[in-house]
Amino acid sequence: MTDDEVLAHLRKHYRAANREKFEGILPEDYHIEWNPLLRRLTGRITYGLRLIEISTFHFRSYGYQDAVATLEHEMLHLYLYRRGLPSGHNHHFKREAQLRGIRVFHSNDYKRNQQPRDRWLYECPSCGRMVFRQRRREGQALACGICCRTLADGAWDERFCLRLVRMVRMV
Ligand SMILES: [Zn+2]
Ligand SMILES: [Zn+2]
């Protein structure tokens, strides 16, 4: 999926979550955008601009479900704000977060003082599982352990050889 497509999914999720988790009291027309510069925070809300920003950086490191968790977190700030309640990370926030299955914390761990590490990302052509490896593999190709176990009696099987997708920089 392209970043724009992911954003379209997040916007759709906003509307669905508004109905399902926030009694539909959030504005329909809030802006949801990527912010490529947010590093410490996973996301941010600016009421004056009617804007929720999601960190591109955290999305790249932690994936779509993480971006959804961030979005719902920001939506909870907005929910409290709309109800005229203090909207920081206070006891209201924590209680409502728990009731709605929303993440309280605002940042993912990332190590500031470490060199970025490169990983090779592989995909199983059969089950689609993604696997990270430290080195690019030479010689006999790696095969998907799950597919070999379940579909080939545990033997290495070339049908399940992992395909190299790309190199990924883990930050
Ligand atoms: Zn927050
Ligand atoms: Zn597999």
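Domain bounds here come from an automatic or database domain assignment. On that basis, the protein chain divides into domain 1 (3-100) and domain 2 (117-170). Colour the two separately: their C-alpha centres lie 34 Å apart.

This is a predicted model, in which local features need pLDDT of at least 70 and side-chain atom pairs count only at pLDDT 80 or more, while totals for chains, interfaces and linings use all residues. Residues are numbered from 1 along each chain as its sequence is written, and chains are lettered from A and ligands numbered from 1 in the order in which they are written.

**Helix α1**

Select residues 3-21. This is helix α1, with 19 residues; helices (H or I, at least four residues) and strands (E, at least two) are DSSP runs, numbered from the N terminus. From first C-alpha to last, α1 reaches 25 Å, close to the 27 Å expected at 1.5 Å a residue (the expected span is 1.5 Å times one less than the number of residues).

Next, show the open sheet of 3 strands, whose order is β1-β3-β2 with mixed pairing; two strands pair if DSSP finds at least two bridges between them. β1 (31-35) and β2 are the edge strands, each pairing on one side only. Direction ignored, neighbouring strands of this sheet are turned by 20° against each other on average. For this and later angles, axes are lines fitted to C-alpha atoms, for helices over the stretch in contact, and angles run from 0 to 180 degrees between N-to-C directions.

Zoom in on β2 (residues 43-46) and β3 (residues 51-55), which run antiparallel and are joined by 4 bridges. Here R44 stands opposite E53, and I45 stands opposite I52. The hairpin has 4 residues between these strands, and R50 takes a positive phi near 50°.

**Helices against the sheet**

Bring α1 back into view. It packs on the sheet, touching β1 and β3, and its direction makes about 145° with that of β1; contact means C-beta atoms, placed from the backbone, within 7 Å.

Which residues of α1 meet α3? Select V6, L10, H13, Y14, A17 and K21 in α1; they meet Y64, A67, V68, L71, E72 and M75 in α3. The axes of α1 and α3 (residues 64-82) are 10 Å apart, and the helices pack at an angle of about 45°. That angle makes α1 oblique to α3 (under 35 degrees counts as roughly parallel, over 145 as roughly antiparallel, 65 to 115 as roughly perpendicular and the rest as oblique).

**Domain 2**

Finally, select β4 (residues 117-123) and β5 (residues 130-133), an antiparallel pair with 4 bridges. Y122 stands opposite V131 in β5. The two strands form a hairpin with 6 residues between them, and G128 in the turn has a positive phi of about 80°.

Terms used: Two residues are in contact if their C-beta atoms, placed from the backbone, lie within 7 Å.
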